[in-house]
Amino acid sequence: MRAMNASNHPLVDALGVQHLPAPGARIVSLVPSITELLCDLGLASQLVGRTGFCIHPAQTVAAIPKVGGTKDVNIEKIRTLAPTHVIVNIDENEKPTFDALAEFVPHMVVTHPLAPRDNLALARLIGGIFGAQEQAERWCTQFEREYAALKSEAASPARTVLYCIWQDPWMSVSGDTYIARMLGELGWRVPVLADASRYPRFTWSDELVSGLDAVLLSTEPYRFSEAHADALEKQLGIPVFLVDGEMMSWYGSRALAGLRYLRALRKMLEG
C-alpha cells in the first residue's frame, strides 16, 4: 500500500522514491529555496544543516549550521550532524554528492520542479514527509490565488526575451528550465541558441539581437546591476532590464512572490 499524507497526496520525490511520513526528522537542506520553504512551513526546528547559500529567512537560518555550498558540500560535517533526511535538487547539487551522502543518510529526498505549478507538489511533498500538511495546504491555497490573479490579466503579446545569468562567458537559459517556464506564464519565450545545453553559452551577434524584443539581466548567479543594463542597452539598441533572479528562479516559498513579480515584469516590458 502506498503511504499517503493527510491531504491524500502520495509522498513521491523526483526520482519516484516513495517516502513515509517522518514528523521527527533531522533535516539537512542543500537547496536554498527549499530551506526557505521548510522554515515557512514551521519546520525550522528540525533543520540541522543548510548551505551557505541558504540565506532566507535570514534571522532563522543564522542559527542553523552551514555545510558548505550547493556544489562543494562538506560530507563529513553532514555525517556528524546525523540527519535522517537530506534534501537535494537535480539541478543544484552534484551526483557524486548525492552518492556519497546516500551511503550513510537513511533518506535522500530528491526534488526537481521545472515549472511554477510544480511548487504545489513540492510543498505537499515537504509538508507530507515532515508533518506540516496543514501548513502546506494553506500555502498551496495562497499559490492558487496568486496564480489565478496572474492568469486573470490580459495576455501579453508574444515576446522573445534573452535571459542572461552570466557574462565572461555570456550564458542564458534554455526552454527546458524553470526560469523559461516562468517567462512562459507571460506568453514570453527564450530564443533557441546554438548551444543546446540547459544553460547555454552564446555570443552577441546582429542576427541574435534582431530576433529579440528585450534582454533580461538576472541579479543571480552573476550580480548584474542597473549599470550593466544601461551599458548593454546602449550597445544593443533594444530594451535591457535588470530582473530579480530570486523571484525568477527560486521555487518553494519565493514562488508566491515570484508570481506577483511576473505581473510587475509584464508591466515593465509592456511599458
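Predicted model: local features only at pLDDT ≥ 70, side-chain atom pairs only at ≥ 80, totals over all residues.
Over how many bridges do strand β1 and β2 pair, and in which sense, parallel or antiparallel?

View 1. Strand β1, residues 27-29, pairs with β2 over three bridges, and the sense is parallel. Within this pair, Ile27 stands opposite Leu47 of β2. In general, strands of a sheet pair through backbone hydrogen bonds, in a parallel or an antiparallel way.

**View 2. The open sheet of four strands.** The strands follow the order β2-β1-β3-β4, with parallel pairing. At the edges stand β2 (47-50) and β4 (107-111); each has a single partner strand, so one side of each has no neighbour in the sheet. From one strand to the next, the twist averages 20°.

**View 3. Helix α5 on the sheet.** Helix α5, residues 118-130, packs on the sheet and touches β1, β3 (85-89) and β4. The direction of α5 makes about 170° with that of β3.

**View 4. Helix α1, a mostly covered helix.** Helix α1 spans residues 32-40, and eight of its nine residues are buried. The buried residues are Pro32, Ser33, Ile34, Thr35, Glu36, Leu37, Leu38 and Cys39. After α1 comes Gly42, which has a positive phi, near 85°.

**View 5. Helix α11 and its buried residues.** Helix α11 (residues 254-270) has 17 residues. From its first C-alpha to its last, α11 reaches 24 Å, close to the 24 Å expected at 1.5 Å a residue. An α-helix has 3.6 residues a turn, so residues three or four places apart point the same way.

Note on methods: Residues numbered from 1 in each chain as written. Heavy atoms only, no water. Buried < 20%, exposed > 50% of the residue type's maximum accessible area, 1.4 Å probe, protein only. Helix = DSSP H or I, 4+ residues; strand = E, 2+ residues; numbered from the N terminus. Pairing = 2+ DSSP bridges. Axes fitted to C-alpha atoms, helices over the stretch in contact; angles between N-to-C directions. Contact = heavy atoms within 4.5 Å. Expected span 1.5 Å × (residues − 1).
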